[in-house]
Amino acid sequence: MRLTVVGCSGSGPGPESPASSYLVEHEGYRVVLDLGSGAFGALQKVLPPDDVDAVLLSHLHADHCLDVAPFVVWRRYSGLTTRGPVPLYAPVGADRRLRLAYDLSDGPIDDVFEVFGIGPGSWELGPFRVETARTAHPVECYAFRLTAGGRSLVYTGDTGVCPAVVELARGADVLLAEAAHPDVPGLPADLHLTGREAGEHARDAGVVRLLLTHVPSWVDPQAQLADAAAVFPASELVGPLAVYDI
């Protein structure tokens, strides 16, 4: 399994990276996890958009889904599309939210995406087994566990402290965890993790490796890494276009 970081900036695109988007590949099958603000441009550095086999959206905040809109434009008007609609898995109601992001007056987007509503559960997708868990976030949001070839990757999406995410990540090879909140007093509950909390989730789940992502441009990423590593030494900070073999 191979993970490519398309975008890793938290809460919106930053000066060095688009917002959240990750490409996961195994046996020639390509899944995009989230497609946040600015990510579609960076995705084209990694692979032709026509090669995307499926899209999984953790939730419908703009920094995780907004660049579905330029994907629609590319599929409809580039003249480079050779395939039918792309399977897109997202919380129920995503088809209307994504139509709004593109142009509600332009009708359905089912010529581009076959949209499936998700909840807690599991299914087969190409060579992957996909498992989900509801996270602690103000809107409906899911963490994903992708397993293939005897390896597993868990992506938290957005979450506050969440035992369900720990359970989903139990024994995973890699936990790709958001670490958006600085460790300061007065943080809102059920929104984001601090670096320390991300490290605690990795430790409690018994994962092999922690990759920190979704750090906003106004938060010190090295401080987030230091806080995570103090709890879970096998912690790393991802960067845009970084590639990891799992």
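Of the 30 residues that make up the largest nonpolar core, the ones touching the most other members are Leu 3, Leu 33, Leu 56, Leu 125, Phe 128, Phe 144 and Leu 146. A nonpolar core here is a set of buried Ala, Val, Leu, Ile, Met, Phe, Trp, Tyr and Cys residues joined through side-chain atoms within 4.5 Å; buried means under 20% relative accessible area, exposed over 50%, and partly exposed in between (1.4 Å probe, protein chains only). Strand E9 (residues 142-148) gives this core its largest share, 4 residues. A second, separate core of 28 residues has Val 32, Ala 39, Ala 42 and Leu 47 among its members. The model is predicted, with local features needing pLDDT of at least 70 and side-chain atom pairs counting only at pLDDT 80 or more, while totals for chains, interfaces and linings use all residues. Residues are numbered from 1 along each chain as its sequence is written, and side-chain values use heavy atoms, with hydrogens and water left out.

Back to Leu 146: leaving aside neighbours within four places in sequence, its contacts (heavy atoms within 4.5 Å) include Met 1, Val 24, Val 31, Leu 33, Leu 56 and Phe 128.

On the aromatic side, the structure holds 6 pairs, counted when rings of Phe, Tyr and Trp (its six-membered ring) have centres within 6.5 Å; planes under 30 degrees apart are stacked, over 60 edge-to-face and the rest tilted. The rings of Tyr 89 and Trp 123 sit with centres 5.0 Å apart and planes at 20°, so this pair is stacked. It bridges distant parts of the chain, with Tyr 89 in strand E5 (residues 86-91) and Trp 123 in strand E7 (residues 121-125), 34 residues apart. Tyr 89 is buried at 11% relative accessible area, and Trp 123 is buried at 16%. Elsewhere, ring pairs tie Phe 40, Phe 71 and Phe 113 into a cluster.

Then there is helix H7 (residues 221-231), where Gln 224, Leu 225 and Ala 228 are buried. Viewed down the axis, the buried residues of H7 fall within an arc of 95° (taken from the directions from the helix axis to the C-beta atoms), so they line one face of the helix. They pack against helix H6 (195-205), strand E12 (209-213) and strand E13 (235-237); helices (H or I, at least four residues) and strands (E, at least two) are DSSP runs numbered from the N terminus. Gln 222 and Ala 230, on the other side of H7, are exposed.

His 181, in the loop between strand E11 (174-178) and H6, is buried at 9% relative accessible area. Gln 224 is one of its contacts beyond four places in sequence.
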